[in-house]
Amino acid sequence: MVKMEILVGPVASGKSTYCRNAANEGAIILNDDSIVVAVHGGDYTLYKKEFKPLYKSIENNIVGTALAMNLRVIIDRPNHSRKMRRRYIGMAHSFDAEVEVVVFKRESPEVHGRRRFESDSRGHSLEYWIEAARYHESLFDTPDKSIEQFDKIFEWDYQTQVKKAKV
């Protein structure tokens, strides 16, 4: 069965590492940062909020085409809020795809901001990344299978690199 995995977690929580491994297994990874880089000639700092319709159109095309081809799709975004997840869940359901939510460990915004700054600052300051992590934390809604209509929920254990079913 075709499957979509929606990753839920702060910046620098292990989502992209998870995706690199899954890509090696043939999964299609949707990462909004990669779309921004592709559109702007490799320069993420050229991101423009007013281009969101363009970025979303590219995302929709990639997800729809991959699901139509019966490929495993992974959404590599923070996906903190139910509203963010709803769009992808709806797309998956329109292709009769199973939807799994994979939750990554949340620590303080300072921890996640520092990790992002040290691993991939994209030209931004440490303060920028801490503020971004705080903003994402303010949006967080705990994934709830009874409300959001996904099929399964897992927690990602970064130490063992194993998905653990969440009851």
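**Exercise 1. Which residue of β6 does F154 stand opposite?**

Solution. The model is predicted. Start with the pair of strands. β5 and β6 are joined by 4 bridges. They run antiparallel. Now look across from F154: A165 stands opposite, in β6. Next, follow the chain between the strands. β5 and β6 form a hairpin, with 4 residues between them. In the turn, Q161 has a positive phi of about 60 degrees.

**Exercise 2. Find the order of the strands in the open sheet, then explain what happens at its edges.**

Solution. Step one: recall how strands join. Strands of a sheet pair through backbone hydrogen bonds, parallel or antiparallel. Step two: trace the sheet. It is open, has 6 strands and reads β2-β3-β1-β4-β5-β6. The pairing is mixed. Step three: go to the edges. There stand β2 (28-30) and β6 (162-165). Each has a single partner strand, so one side of each lacks a neighbour in the sheet. Neighbouring strands are turned by 30 degrees against each other on average, direction ignored.

**Exercise 3. How many bridges join β4 to β1, and how many join β4 to β5?**

Solution. Take β1 (residues 3-8) and β4 (residues 98-103). They run parallel, with 6 bridges. Then turn to β5 (residues 152-157). 4 bridges join β4 to β5, again in parallel. Here E100 stands opposite K152 of β5.

**Exercise 4. Is E5 buried or exposed?**

Solution. First, locate the residue: E5 is found in strand β1. Second, apply the cut-off: buried means under 20% relative accessible area. E5 has 0% relative accessibility, so E5 counts as buried. Third, list the surroundings. Leaving out residues up to four places away in sequence, E5 touches Y18, R72, V73, I74, I75, E100, V102 and K163. The side chains of E5 and Y18 make one, at 2.3 Å.

**Exercise 5. Describe how helix α3 is placed against the sheet and against α2.**

Solution. Begin with the sheet. Helix α3 (residues 52-68) lies across β1, β2 and β3 (73-75). α3 runs at about 160 degrees to β2. Two packed helices are described by the angle between their axes and the distance between the axes. For α2 (residues 32-39) and α3, the angle is about 115 degrees and the axes are 10 Å apart. The crossing is right-handed. From α2, the contact uses D32, I35, V36 and V39. From α3 come L54, Y55, I58, E59 and I62. Sort these contact residues: 7 are nonpolar, 2 are charged and none is polar.

Key
Residues numbered from 1 in each chain as written. Predicted model: local features only at pLDDT ≥ 70, side-chain atom pairs only at ≥ 80, totals over all residues. Heavy atoms only, no water. Pairing = 2+ DSSP bridges. Helix = DSSP H or I, 4+ residues; strand = E, 2+ residues; numbered from the N terminus. Axes fitted to C-alpha atoms, helices over the stretch in contact; angles between N-to-C directions. Contact = heavy atoms within 4.5 Å. Buried < 20%, exposed > 50% of the residue type's maximum accessible area, 1.4 Å probe, protein only. Polar contact = N/O pair within 3.5 Å; in protein donor to acceptor, adjacent residues only side chain to side chain. Left-handed = near helix turned anticlockwise from the far one by under 90°. Nonpolar A, V, L, I, M, F, W, Y, C, P; charged D, E, K, R; others polar.
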